[in-house]
Amino acid sequence: MTARLDGPLKVTGRAKYGADHNLPGTVYGFLVLSTIANGEVEAMDVTAAKAAPGVLGVYTPFDSFDLKTPQSPVLGETWVPLQDRAVAFWGQPIGFVVAETFEQARYAAGLVEVTYLERPALTSFEEGLDAAEPSPREDEVVLADGVESIEDAIASSPVVVDATYRTAAQNHAAMEPHSAVAVWEDGELTVHSGSQSSSMQANELATALDVDVSKVHAVNPYVGGAFGGKGRTATPAFLAAAAARLLDRPVKAALTREQVFTATAGRAATRQSITLGAERDGTLIALRHDSVCTTDIDRSFVEPTSHATSAEWYATPNLAVSQKIMPLNVPKTTFMRAPGEAPGSFALESAIDELAVELGVDPIELRRRNNSAAPPGKDLQWSSKHLDECFSLGAREFGWADRAPSGRTEGDWQVGMGVATAMFPALRFPAQVEIRLGDDDTAVVSTSGADPGTGLLTVMAMVGAESLDIPPERVTPRLGDSAFPEGGMSGGSTGTASTSTAIMAAATEATDALLALATRPGAPFAGEEVSYADGRIFGEEGRTMAFGELLRELGRESLTVTGSSAPGEELTKHSFSSFGAQFVEVKVHRWTREIRVSRMLGVFDSGRIINPQPARSQAVGGMIWGLSAALHEELAIEDSGRTANGDLASYLVPVNADIPDVDVHFVNYPDTLHNSVGAKGLGEIGTVGVAAAVANAVYNATGIRVRKTPITIEDLL
Ligand code: MOS
């Protein structure tokens, strides 16, 4: 285990996040947000704002900078502000005021007078259902030979469970509000702004500002929370960069905590109907999953609850999944930790529990009976799957055998246990890594990427050391700078697999290049059979030389190579996923109906665990997020479109007192069919299934089935 290299910097406040950069001559931007949810900005009177002390610029849709809309295969379209007068949700950025100080900018922003042409806003989930439309994700249907339709398969099933589930909208509420410091020098832009990929952020800014990407430098060595919320470039970065170019001054723009709740993007609310048809022994005959998710009027994101769960998880001969989207006048939706899987697993794993109750079968046993060797209807088998072991290890550790079908009581508390399966696809992105070997026997490993608290920087040092066969202390990892080779993104739980595989490729390049140098005519090992180990070149008759010594001998300061990796042929041979088993114990108070989670255990098959400490932290964080979704979080939108709880005083997230002992185990089987380092993702799977495990435990404790999140006291009266 290696402690996080950036840990001491972070806990002592020496790590500089985006807005911590204070450049000489910096001026400050403050956003103006809409106060209607649907309509048009008819006019904006900026006279008073422009005359206010210190004001340097007031930008509105009437007097804006031209920003183009970035588009990428991974992120899709990213919205850019102030390009038209349309207002599609309450709290939408519609203006930007820049002044000499933050206080002056904020004061002047309050002086901007906006006149709207207001239209009725569609903000309610129930009313929006009529407007639900097909999503770009095609419906998926698998039918066994001779079966005409999913309805027939369900009708012929001896046991049927049919239920509808709801999950709440969530805001990311990252600790670091979205912010940026932008500066132009000689036609080149540098932006300090937390993001999940410095190179992707540079690309988006280059497109938006219509400059060559070689002129854009995105820097984000530290990111204060992301998980999808900092995938797409945030509004402050576009505005700060555009204003800095016009004013020829560094511009700092940061959202207030309240602005984060509307001017960024969050998780959609969903409604999901699931029908399970099964044999009396629990074997699935049919699985139908129909989902609707909310989105904003631009349809910026689909929360793929059906496709990400039911289309992948269980062996079933008959399957039908559909996904609709419902555009509302609500803040934008985007990726949030396990998009699709997190709310989708609440529905699927609750339904599986309902089937277990119906059949009187142990919920773990029911899952075992429907274990899949491949996604339903697909030929490609999972490259590695140790889900059964996750459940048996977890059951042993958690004391599952003590669970009674109707829970138990402890004084005034009703106590129950619940489980759920967790899955998240094992993915990776193309990545490039540079390795520079120095004449002092050290190595520098660099890639653009980002470490949004995942521990990727430390993993880079460890995998770099392992691949170069030198101690980690001699490896300096560098990350979070678009000047480095393009390194994918910390999204889709891909960081470790993508970056580590590229490091291994670069290390092979480096040792090959070293050996070639060593054996050149006139070089110390000219004409010899050589090999590399332990940071050294070995020649004939026991002659050996550390690589630094060889470089010195050759009069070179360093040797630099680049390695790359990308998903390839393996995709034609197997399906890839991480797996896990979530165990939760809850206590519900007999009289107050207060719900406390008293114990949680997650057991995960995420391939090889490279660094147990941050891996465990990732899993614990994900599980807490799942508990939060189950019992606390709901972004509430009033009929007017205004957020009812858009601040951390009223948007509930768990505090320490809400979190019990959280235990994590990894089964730790390297999956080298997926990639050469054997790691599968674990950033997102930690949260998957937790909300269902909580609901299932609540049922076990109380006999009350709650089919919505968050589960509140009122649901248990
Ligand atoms: Mo993650 S939701 O892919 O950043």
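## Helix pair α16 and α17

A helix crossing is called left-handed if the near helix is turned anticlockwise from the far one by less than a right angle, and right-handed if clockwise. In this predicted model, α16 makes a right-handed crossing with α17. The contact involves M623, G626, L627, A629, A630 and L631 on the α16 side. From α17 come V690, A691, V694 and A695.

Two packed helices are described by the angle between their axes and the distance between the axes. Here α16 spans residues 612-631 and α17 spans residues 690-702. Their axes lie 7 Å apart, at an angle of about 55°. The pair therefore counts as oblique.

## A three-stranded sheet

Three strands form an open sheet in the order β6-β2-β8. The pairing is antiparallel. β6 (86-87) and β8 (113-118) are the edge strands, each with a single partner, so one side of each has no neighbour in the sheet.

β2 covers residues 39-45. Two bridges join β2 to β6 in the antiparallel sense. G39 sits opposite V87 of β6.

## The whole chain

The protein chain holds 17 helices and 33 strands. Its radius of gyration is 27 Å, close to the 27 Å that the globule rule gives for 717 residues, so the chain is as compact as a globular protein of that length. Along the principal axes, the C-alpha atoms fill a box of roughly 80 × 80 × 55 Å.

Buried residues account for 57% of the 717 residues. Of the contacts with a separation of 6 or more, 81% link residues 24 or more positions apart.

Key: Residues are numbered from 1 along each chain as its sequence is written. This is a predicted model: local features need pLDDT of at least 70, side-chain atom pairs count only at pLDDT 80 or more; totals for chains, interfaces and linings use all residues. Two strands pair if DSSP finds at least two bridges between them. Helices (H or I, at least four residues) and strands (E, at least two) are DSSP runs, numbered from the N terminus. The radius of gyration is taken over C-alpha atoms; the globule rule is 2.2 Å times the number of residues to the power 0.38. A residue is buried if 20 or more other C-beta atoms lie within 10 Å of its own, exposed if 12 or fewer, and partly exposed in between; C-beta atoms are placed from the backbone. Two residues are in contact if their C-beta atoms, placed from the backbone, lie within 7 Å. Axes are lines fitted to C-alpha atoms, for helices over the stretch in contact, and angles run from 0 to 180 degrees between N-to-C directions. Angles under 35 degrees count as roughly parallel, over 145 as roughly antiparallel, 65 to 115 as roughly perpendicular and the rest as oblique.
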